[in-house]
Amino acid sequence: MHVAGTKGKGSTCALLASILRQAQYRMGLFTSPHLCQIEERIQVDGQPISRDELTSLLNEIRSVLHSVAGRRIQPTFFEMATALGFLHFARRQVDAAVVEVGLGGRLDSTNVCDPMLSVITSISFAHTRQLGNTLALIAREKAGIIKPGRPVVSGVTDSEARDVIRQISRERDAPLQELGLDFEYRHDPGLITEERVRRPRVQVTTPREAGPVMNLGLLGKHQAANAAVAVAAVEQLRNLGWRINQASMAAGLADVCWPARIEVVGSRPLVVLDCAHNVASVGALVTTLRESFPPGRRLLVFACSRDYDVPGMVRALRGHFDHAFLTRYANNPRGVPVEELARVFAQEGLPFTASPVARQAWNMARAAARSEDLICVTGSVFLAGKLRPVLLQDNMNGETSHEDHL
């Protein structure tokens, strides 16, 4: 199953793999980028590839890499990672693999696969230099994963992008199922307080049936939309003869594990870790904070990358946080310097404190927070990966705590 999209593709991949594992299929999962360790990108039945396995596979492909040494075009890091993932799945003899596109779709290295099913989760503005500066152009790149005669499931709702996906599906005689037309969902937001956790719930209606109300292990209406896409994809697999019952579907949605997606990692104060990194995902984050968390003072720990709409992200955050602690993730040239972030936050009138060290920014936010406050760490996968081990360790040490970790 090959999954593209601007936002939601990683979550949808995780949901699909979780459902199919519950149905007793041996599942490979290839995603990117990784959060903390590169091994996370390549998983079988929820377990990342071991370092020994990774080393062994790297040795296997070394001769191939040597054979292209000196050529004008060299394999990229992501191309090598794709090869390692596919090789690992072959060695482990998985029943199926869920493969996330790295960038775009049409020219992505994962597009060498020949999937049973193609999925496009959403289309919004990101990587415009590489993919185009209109939603139609971006959609054309994403729709490059559609294969002749193979089913397509689309969660795209923008009309401009949807028209492109419909056109390419028709040209390739690929049966298309669309959110809002062929399947839909209802979402009951979760509720996170100091006293209790009520999981969000989702009900998905497909051409096959109006499904039951099911618990969802991921917070936010946007994740309910991703769950609907995953359920519709599973329905296509069932039409192809896969044995996946309703109990497996429900268990897969409830038990999915996908860290740093509005992940609650502590309380007193509540601590939320997220990797929203464009305007659309920041909008989904602030909506979920409003719907699923109690009102009160909110503090922000923020860093982001150069190749996104930084002013647009800050405008989306404005009015939802009382103070920001600006920082930068280390050892990555894509990170926006703290001084540049400070200028944008000042222009938008959002109060801030700046620190170039992510751990220090977190410590300052924690020191400033009262027990009834909420701290949100967001802006980048790189920042989330940098700070997640710190947040979890602080939680274990009792500096923050949340008995019902979601």
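This is a predicted model: local features need pLDDT of at least 70, side-chain atom pairs count only at pLDDT 80 or more; totals for chains, interfaces and linings use all residues.
**Note on the strands, cores and helices of the model**

1. Helices (H or I, at least four residues) and strands (E, at least two) are DSSP runs numbered from the N terminus.

2. Residues are numbered from 1 along each chain as its sequence is written, and side-chain values use heavy atoms, with hydrogens and water left out.

3. Strand β5 is mostly covered, five of its five residues being buried, where buried means under 20% relative accessible area, exposed over 50%, and partly exposed in between (1.4 Å probe, protein chains only). Ala96, Val98 and Glu100 point one way from β5 and Ala97 and Val99 the other way, and all are buried. Not counting residues up to four places away in sequence, Val98 touches, among others, Met1, Val3, Cys13, Leu16 and Phe30, a contact being heavy atoms within 4.5 Å.

4. The largest nonpolar core has 41 residues, and those with the most contacts inside it are Met1, Val98, Ile244 and Leu253; such a core is a set of buried Ala, Val, Leu, Ile, Met, Phe, Trp, Tyr and Cys residues joined through side-chain atoms within 4.5 Å. At least two residues of this core come from each of α1, β2, β5, β12, α7 and α8, and the largest share, 10 residues, comes from α7. Apart from it lies another core, of 32 residues, among them Ile262, Leu285, Cys304 and Ala316.

5. In helix α8 (residues 246-255), the buried residues are Ser248, Met249, Gly252, Leu253 and Ala254, and what covers them includes α1 (9-22), β12 (201-205), β13 (214-215) and α7. Asn245 caps the N-terminal end of α8, with a side-chain oxygen 3.2 Å from the backbone nitrogen of Ala247.

6. Helix α9 (residues 279-292) has 14 residues, which at 1.5 Å a residue should span 20 Å, in agreement with the 20 Å between its end C-alpha atoms; the expected span is 1.5 Å times one less than the number of residues. Its buried residues include Val282, Leu285, Val286 and Leu289, and the cover of the buried residues of α9 includes β10 (191-192), α7 (221-239) and β16 (298-302). Asn278 caps the N-terminal end of α9, with a side-chain oxygen 3.3 Å from the backbone nitrogen of Ala280.

7. Two loop residues deserve a look. Glu39, in the loop between β2 (27-30) and β3 (42-44), counts as buried at 9% relative accessibility. The side chain of Glu39 makes a polar contact with the side chain of Arg51 (3.1 Å); a polar contact is a pair of N or O atoms within 3.5 Å, of which, within protein, one must be able to donate a hydrogen and the other to accept it, and residues adjacent in sequence count only if both atoms are side-chain atoms. Gly335, in the loop between β17 (323-326) and α11 (338-348), is buried, with a relative accessible area of 0%. Leaving aside neighbours within four places in sequence, Gly335 is in contact with Cys304, Ser305, Arg306, Arg328 and Tyr329.
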